[in-house]
Amino acid sequence: MNALRAIANCSLQRRDVEDLLATKLPHSLTDCEMEECDLSRLDLSHWAFERCILRNAKLVGARLANTLWRNCKASGADFRGTDLEEATFRTGDYSNTSFRRAKAASTAFTGCKLTGADLSKISALGLVFEEVLLMSAKLPAFSFRKSVLRRLDFTQADLRQCDFREAIFEECSLRDANLVDARFEGADLRGADLGGLKLADTRYFKGATISKGQAGQLLAELGLRIA
């Protein structure tokens, strides 16, 4: 990566960012204000964003490969169709964002808040989530096959047709998630909160491993008593 040119404590609009792009160097933005800024289709590859405010910013179709995002506030931002290949998101609030159809190969989210985020139809080969809040997020048909899932909160998330085969859950929550047609064959669910399940949901766990305590909880959720 080329040396980053540092910019700090600025309020930036699209024209300002275009001027920075004219230098042909990637930039490091720290404590910058870009709320509601339209950055659509700009090439910001290799840029770094730290403690920046991008609430409701528009990044539709932007090139964000190899970018670093650390502790940013970007709730409501629009990342649809972006190139996020090998981008890294460390902490920060990305609630109610849209990542629909983004290219997210080898992208990593660590310690982030993605509550209500739309991650539908993204290209996600090698995408990693760790210690992420995904409550009410949309992840239909997402593949977590053979993944180790650590501290992911899928409470009330849309997980229809997701592939969790042979996945291992560690301190995760599937409470009240939509699991219609999800697959769990060979999955280890002993580290997952399965509360709120309905009778119809239990068939999706065929072939998965749960603990005795979870089995008792499921029976209680279904109104059954163990004598």
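The model is a prediction, in which local features need pLDDT of at least 70 and side-chain atom pairs count only at pLDDT 80 or more, while totals for chains, interfaces and linings use all residues. Residues are numbered from 1 along each chain as its sequence is written, and side-chain values use heavy atoms, with hydrogens and water left out.

The protein contains 2 helices and 13 strands. Helices (H or I, at least four residues) and strands (E, at least two) are DSSP runs, numbered from the N terminus. Along the principal axes, the C-alpha atoms occupy a box of roughly 75 × 25 × 25 Å. Of the 227 residues, 44% count as buried. Here, buried means under 20% relative accessible area, exposed means over 50%, and partly exposed means in between, with a 1.4 Å probe and protein chains only.

Strand 1 (residues 5–8) and strand 2 (residues 27–30) run parallel and are joined by 4 bridges. Two strands are taken to pair if DSSP finds at least two bridges between them. Between strand 1 and strand 2 the chain passes through helix 1 (residues 14–21), and this β-α-β crossover is right-handed. The term right-handed means that, with the strands pointing away from the viewer, the path from the first strand over the helix to the second runs clockwise. Within this pairing, Ala-6 has Ser-28 of strand 2 as its bridge partner, and Ile-7 has Leu-29 of strand 2.

Strand 2 also pairs with strand 3 (residues 48–50), in the parallel sense and over 3 bridges. In strand 3, Phe-49 is the bridge partner of Leu-29. Leu-29 therefore takes part in bridges with Ile-7 and with Phe-49, as the DSSP bridges used for pairing show. In a regular strand the side chains alternate between the two faces of the sheet.

The structure holds 0 disulfides. A disulfide is a covalent bond between the sulfur atoms of two cysteines, and the criterion applied is a pair of cysteine sulfur atoms within 2.5 Å. For Cys-32, the closest cysteine sulfur belongs to Cys-52 and is 4.8 Å away, which is too far for a bond. Cys-32 counts as buried because its relative accessibility is 2%. Cys-52 is also buried, with a relative accessible area of 1%.

The largest pocket has a volume of about 360 Å³. Grid points are joined across faces, edges and corners, and the volume is the space filled by probe spheres set on the points. The lining consists of 21 residues, and Leu-127, Phe-142, Ser-143, Phe-144 and Ser-147 lie nearest the pocket centre. Strand 7 (128–130) and strand 9 (148–150) each contribute at least two residues to this lining. By residue class, the lining has 13 nonpolar, 4 polar and 4 charged members. Ala, Val, Leu, Ile, Met, Phe, Trp, Tyr, Cys and Pro count as nonpolar, Asp, Glu, Lys and Arg as charged, and the others, Gly among them, as polar.

Leu-219 is placed in helix 2 (residues 212–221) and is partly exposed, at 31% relative accessibility. From C-alpha to C-alpha, Leu-219 lies 35 Å from Leu-127, and the two are 92 residues apart in sequence.

Several loop residues were also examined. Glu-36, in the loop between strand 2 and strand 3, is not a glycine but has a positive phi, near 65°. Glu-36 counts as exposed because its relative accessibility is 54%. Gln-156, in the loop between strand 10 (152–153) and strand 11 (168–170), likewise is not a glycine and has a positive phi of about 60°. Glu-185 lies in the loop between strand 12 (172–173) and strand 13 (192–193) and is partly exposed, at a relative accessible area of 33%.

Key: On a 1 Å grid over the protein atoms alone, a cavity is a set of points where a 1.4 Å probe fits but cannot get out, and a pocket is an open set with protein on both sides within 12 Å along at least five of seven lines; lining residues have an atom within 4 Å of a point.
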